[in-house]
Amino acid sequence: MTATDIDLEGGLTSAQVAERIANGKVNAIPSAPTRTVKQIVMANVFTPVNLIVAILAALVVLANSPKDALFAGVIVANSVIGVVQELRAKNTLDKLSVVSAPKARVVRDGQVTEIAVNRLVLDDVVELRAGAQVVADGRVLARDNLEIDESLLTGEADPIVKEVDDEVLSGSAVVAGTGRIVITKVGADNYAAKLAEEAKRFTLVNSPLRNDVNRIVTWVGWAMIPVGLLLASSQFLRLDQGWREAIVKTASGLIGMVPEGLVLMTSVAFAVGVVRLAKHRCLVQELPAIEVLARVDVLCADKTGTITEGTLAVSHIRHLDYTSEEEVLAALAAVANTDTDPNATLIAVRTAYPTDPRWKANAKVPFSSRRKWSAMSFDGHGTWVLGAPENVLQDDFAGEIRKQVNDDAAEGSRVLVLAHSDASIIDGQETLPAITAAALVLLEDIVRSDAAETLQYFADQGVIIKVISGDNPVTVSAVARRAGLEGWDSSVDANTLPTDDDIDVLADAVEATSVFGRVTPHQKRSMVKALQHRGHTVAMTGDGVNDVLALKDANCGIAMASGSEATRSVAQLVLLDSNFSALPAVVAEGRRVINNIERVASLFLTKTIYSLVLSVLTGVFAVTYPLLPRHLTILSWFTIGIPAFFLALESNADRVTPGFLRRVLGSAIPAGLVIAALTMTIFSILQSAHSIDPRSTWQLVDGKLINHHTEASGIAVLVAGSIALMNLYRVARPMNMLRLTLLSTMATLMALIFLIPAGRNYFLLPVTRNWAYGLAAVFIAAGYPLLLIGQKLSDRVWSHFHPMG
């Protein structure tokens, strides 16, 4: 279809649309590019951990000891739990993404309708309005002062005025004016298609917590190579035992070092967070946002639509020294009713003055956050300008007008000036002719009922609040006062802020103040960068296209669903009910994930440490490895795996503090050393006696002859399991009903395995002499004090090398 064939007013016909659909010329970009079911299953089944476990299990079965391959059940558990939880999260995300997805205003059969972006076809005529996101590449057919912000795509700082036949790119945003474009590219051919898909994908990348967990798993993986070789050589070459027993013992040492459920628990914790936040009508577009918001120490909140409801109402018209009050009211009605794409201010004026005087407009400059004014020329009525008094009046903003504006602003009103000029303007004109102030327009913006409580919550959590707005700083300060913000009386006009050429000077100014007015979109971005430059983790809330740049650069961008499409497209979190009070729930979820994974990681790494130490001791001294794989299965189930699942999903709103890796390693290393030392010591003592039971060196258990090594292993399991349960108690403190019940249940189940004959036979835990149990009791009694001593020594060592924590 050529340019001359395009029907600007009618668009494509239904037949033409059907033809393009049949030819595959559809804007087929997934609305919610999450992983497919196949990808989820593959990612959860074919993992490095599952591969290691599977290889070790196969070797154990090959050694004719299938009961020792029971640990392979972790493959099934990891896979099933991971797949189920991620599918739940995927379904939730897909449903919410449909609600939040941008729509396109398309012209078809002469009618303007809203349709999903993926239903657009090649050559569709699409209508653009301020705040809309350009959803597909196109060419301008008609424009009315159309200004496009392409900064997210090209880095161009200033909005670009588009003329007829100019190209527009998907991913850019309309900041002013209106227009119609014809779609020239669809689907993957779009400029920003790949960029947009990557930005919204359901993913765990760029997560500090995930990175720390992966770092731990990587360290363990590298450590397993030399330790595994040492252990294998000792079992195969340096001891007089068969190859089958050597394989089982080697597998036992290696499987103990694998933190098999750590990555799973991290993934599950995030996935459950997505589902829980969905109940608060919060769409998580990037998973790390759950975690990042919990770490935030500065929250930059846009006033309009965040602290206030964003619905304006005209409260008063203050007439100035102008000839005709009737003409002023008529001009207001004309400006509001003539604008084809009114913003919230003009909608409020139109609601107050719905009668259109039918003035004929001949030129227009639409409002933009950069100019902070709009203007319209009418035949026979001159030019009327509506905007921020200091930007409209400039040098004339002084004396009584300035005092009156400040007085009204101090009462919380948004104050605009309506000014008149006899001179005409041209479309898109950037400068104003000589003007006369005609009236002050006072608008009321209602503070959200939950704003004060939410702001107080963040203040109580040590989060610094910065209120940022394009309004008069006095107005912003008054709104902040009504919302209960501390430091509301500290307000700054952003026109006086230093530029970002000297970021340290700007950072000083931003850190020193809580309320900022007359902030431009690029200043919002600069303020976020200045705070980040000082080491702050910054969250930004917003709802307008003027917030897009700051939202994109913030550590966590939070958009209101009622705001612009462009804002929602770049944010990591979207509040679907535009409910500011939902943010504490997001913080709580992030804290739950971080704090609980810290506990869980400590448990898994404790097993890794004591297994590693036992393997090294076994390899160096060429002794029998004290535990069988089935013994490690007991320890993994009852002291780590099952408790970790419940602890990872438990509510935990404790404040997050830096030092995740330090605390995890500082807890796991001493605990692992204590368990390894006591386990190896009692095993060595018991096996060094020719036989615990002098009446018999060999016993028949479960159809197999076992010797004093097996009896010693049984006592070693008892000691290791008991101290590991004590470590579980230490890590889970403080106790509540859930944790106490969990600990009691695990201890009871472990005890039953020792007490029930079937359990003893299956897990090779033969009954031995009383004095051996007495010795075990002594070692167990020493376990908890040694755990506490080890923790104190660890803390002292860490504080010596890292005095700042």
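Helices α8 and α22 run roughly antiparallel to each other (an angle over 145 degrees; under 35 would be roughly parallel, 65 to 115 roughly perpendicular and the rest oblique). Keep in mind that this is a predicted model, where local features need pLDDT of at least 70, side-chain atom pairs count only at pLDDT 80 or more, and totals for chains, interfaces and linings use all residues. Residues are numbered from 1 along each chain as its sequence is written, and side-chain values use heavy atoms, with hydrogens and water left out.

- The protein's mean pLDDT (the predictor's confidence in each residue, from 0 to 100) is 84, and 91% of its residues reach 70 or more.
- One stretch to treat with care is residues 196–205, where pLDDT is below 50; beyond near neighbours in sequence, it has 24 contacts in the model (heavy atoms within 4.5 Å).
- Residues 690–706 also have pLDDT below 50, with 36 contacts beyond near neighbours in sequence.

**The α8–α22 pair**

- The axes of α8 (residues 243–257) and α22 (residues 583–621) come within 7 Å and cross at roughly 150°.
- Those axes are lines fitted to C-alpha atoms over the stretch in contact, with angles running from 0 to 180 degrees between N-to-C directions; helices (H or I, at least four residues) and strands (E, at least two) are DSSP runs, numbered from the N terminus.
- On the α8 side, the contact is made by Gly253, Ile255, Gly256 and Met257, and on the α22 side by Lys607, Thr608, Ser611, Leu612 and Ser615.
- Those contact residues split into three nonpolar (Ala, Val, Leu, Ile, Met, Phe, Trp, Tyr, Cys and Pro), one charged (Asp, Glu, Lys and Arg) and five polar (the others, Gly among them).

- As background, most residues other than glycine have a negative phi, and most peptide bonds are trans.
- The peptide bond from Arg733 to Pro734 is cis, with omega near 0°, and Pro734 sits in the loop between α25 (708–732) and α26 (737–755).
- Arg281 isn't a glycine, yet has a positive phi of about 60°; look for Arg281 in the loop between α9 (262–278) and β8 (282–284).
- With a relative accessible area of 69%, Arg358 is exposed.

Technical notes:
Buried < 20%, exposed > 50% of the residue type's maximum accessible area, 1.4 Å probe, protein only.
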